[in-house]
Amino acid sequence: MCGIVGIVAKTYVNQTIFDALTVLQHRGQDAAGMVTCEGNRFYLRKDNGLVNEVFRTRHMKKLNGEMGIGHVRYPTAGSSSSAEAQPFYVNSPYGIALAHNGNLTNSEQLADEVFRSDLRHINTTSDSEVLLNVFAHELQLLGKLHPTSEDIFNVVETVHKRCQGGYAVVAIITGLGLAAFRDPFGIRPLVYGKRETEAGVEYMVASESVALDTAGFEMVRDVAPGEAIFITQEGEIFTKQCVETPVLAPCLFEYVYLARPDSIIDETPVHNARMAMGVKLADKVRREFPEHDIDVIIPIPDTSRTAALEMAKSLKVTYREGFIKNRYIGRTFIMPGQTQRKKSVRQKLNPIQSEFKDKVVMLVDDSIVRGTTSAQIVEMARDAGARKVYFASAAPEVRYPNVFGIDMPSASELIAYGRTAEEVGKEIGCDWMLYQDLDDLKACVTDLNPAITQFDTCVFNGEYVTGTVTSSYLDNIDAKRNDGAKASADDEQTEGNESTNLHKAF
């Protein structure tokens with residue numbers, strides 16, 4: 001899960017990209033980066049940290065240009081090394097900078113091809129750098145000094161054939177313009193919009209519509225699966241479908257947790273989908289526990305608030321805010337290590353005792369991944385005096401790893417892996433565990449947009465929509481994603497990180 005943005009404007013874009021990345025910060029807190037382009041020159045700034053930590057005034061003053069891209073990152077199967085912060089760039093051909101949200105499932109094979117056949121060097125373990133070099137190689141094969149939009153689309157068509165997985169991409173090419181494209185299944189989100197100015201029309205491409213809204217851009221539409229967009233430096237826009245048989249199968253977890261509630265993804269308002277999740281949970285309570293004794297429904301802030309409120313309304317049960325959140329602590333789901341996650345939960349949430357004392361409490365969260373946070377929150381509720389603690393998840397059991405750009409942990413570290421709902425409830429210490437049914441979760445989206453007939457639901461049922469994910473690949477990422485492997489990788493790269501600062505201050 002990362003956030004990307006690309007802009008072609010009539011004035012300097014650095015501040016607009018900064019603002020867009022700030023509202024996309026929820027998609028990644030590990031690193032941030034920006035490349036702007038003025039004439040034939042790139043200006044780059046990237047590093048580990050939040051957006052407002054990476055970009056200081058001294059950096060912003062150097063990020064010149066009316067065209068640029070930006071990225072917020074958290075690590076997937078790699079480490080959190082600053083060497084893998086995006087965007088990446090290559091000097092040949094033309095000069096290309098690229099940022100990417102998602103994950104290539106054949107990146108190791110592609111890296112070998114890039115080295116042996118394309119004669120290109122990969123400097124990191126990032127699949128984004130692999131994707132950049134595939135894109136650059138195909139552009140170089142054109143042998144043209146001034147490629148047309150149709151040439152760009154032909155290159156994207158070849159990239160789609162070579163690359164497997166889920167991806168949304170923005171890239172700028174010096175002297176030409178901005179290219180953006182989405183994988184053939186539309187797993188990762190991508191939208192574009194325009195803004196009328198006195199100097200002419202400006203365009204923005206971003207992971208979520210909220211980035212367009214806050215910058216004053218009018219959303220045009222979602223980028224279709226397999227589609228590419230090319231915007232020239234002068235502001236002329238071209239679009240083309242670059243896949244013969246595209247399939248819209250967006251990641252269902254985007255609607256549960258990843259996206260901001262004020263975003264619209266594939267013509268579906270995320271807020272409305274989460275409202276429906278609460279109603280569906282209430283329906284399941286009535287089916288399974290018609291004579292329930294719930295006194296109060298309390299959300300685990302922030303993502304679950306919408307579902308919890310609608311669940312309470314539907315059940316005619318009191319809704320209360322029972323936890324105060326420290327907003328200066330990051331999302332525990334995307335923190336790199338288990339020790340850090342455990343420590344952060346108590347720092348992040350504190351209960352209001354009067355909302356729990358002597359009550360039967362239904363806690364509502366968007367999902368349960370490792371169960372670390374859930375167990376500690378149940379313990380907090382009991383310590384605050386709750387008579388009984390029930391727990392509801394707006395998503396079904398997360399039992400399988402995601403390979404399309406979400407850093408789900410090793411399967412063995414997923415609390416629901418190999419366990420029933422009742423067994424999960426015992427593990428986290430609650431009196432009753434309630435999970436959303438997968439069909440109900442799908443309906444929360446399809447009722448709002450019937451045009452969506454498929455989803456990437458791999459984390460819930462182990463079905464990978466691309467059809468290219470093998471058991472050996474899953475075994476490989478399992479070995480890379482467990483917390484021990486990540487900690488080891490981070491330790492090995494600590495010293496090397498110092499040498500990566502060389503190219504950061506153009």
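This is a predicted model: local features need pLDDT of at least 70, side-chain atom pairs count only at pLDDT 80 or more; totals for chains, interfaces and linings use all residues.
1. Ground rules. Local features here need pLDDT of at least 70 and side-chain atom pairs count only at pLDDT 80 or more, while totals for chains, interfaces and linings use all residues. Residues are numbered from 1 along each chain as its sequence is written, and side-chain values use heavy atoms, with hydrogens and water left out.

2. Helix α10. Helices (H or I, at least four residues) and strands (E, at least two) are DSSP runs, numbered from the N terminus. Take α10, residues 305-315: its buried residues are Thr306, Ala307, Ala308, Glu310, Met311, Ala312 and Leu315. Buried means under 20% relative accessible area, exposed over 50%, and partly exposed in between, with a 1.4 Å probe and protein chains only. Those buried residues pack against α9 (270-288) and several strands, including β16 (296-299) and β20 (360-365).

3. How do α9 and α10 cross? Their axes come within 7 Å, at roughly 45 degrees; axes are lines fitted to C-alpha atoms, for helices over the stretch in contact, and angles run from 0 to 180 degrees between N-to-C directions. The two helices are therefore oblique to each other, since angles under 35 degrees count as roughly parallel, over 145 as roughly antiparallel, 65 to 115 as roughly perpendicular and the rest as oblique. From α10, the contact (heavy atoms within 4.5 Å) uses Thr306, Ala307, Glu310, Met311, Ser314 and Leu315, and α9 brings residues including His271, Met275 and Leu281.

4. Cysteines. A disulfide is a pair of cysteine sulfur atoms within 2.5 Å, and by that rule the count is zero. For Cys163, the nearest cysteine sulfur belongs to Cys242, 13 Å away. Cys163 counts as buried because its relative accessibility is 4%. Cys430 is buried too, at 11%.

5. Cis bonds. Most peptide bonds are trans, so two spots deserve a look. Ser92 and Pro93 are joined by a cis bond with omega about -5 degrees; Pro93 sits in the loop between β5 (88-90) and β6 (96-104). The bond from Pro301 to Asp302 is also cis, with omega near 5 degrees, and Asp302 is in the loop between β16 and α10.

6. Positive phi. Leu119, in the loop between α4 (107-116) and α5 (127-142), has a phi near 60 degrees and is exposed at 71% relative accessible area. Asp358, between β19 (349-351) and β20, has a phi of about 65 degrees and is exposed at 54%.
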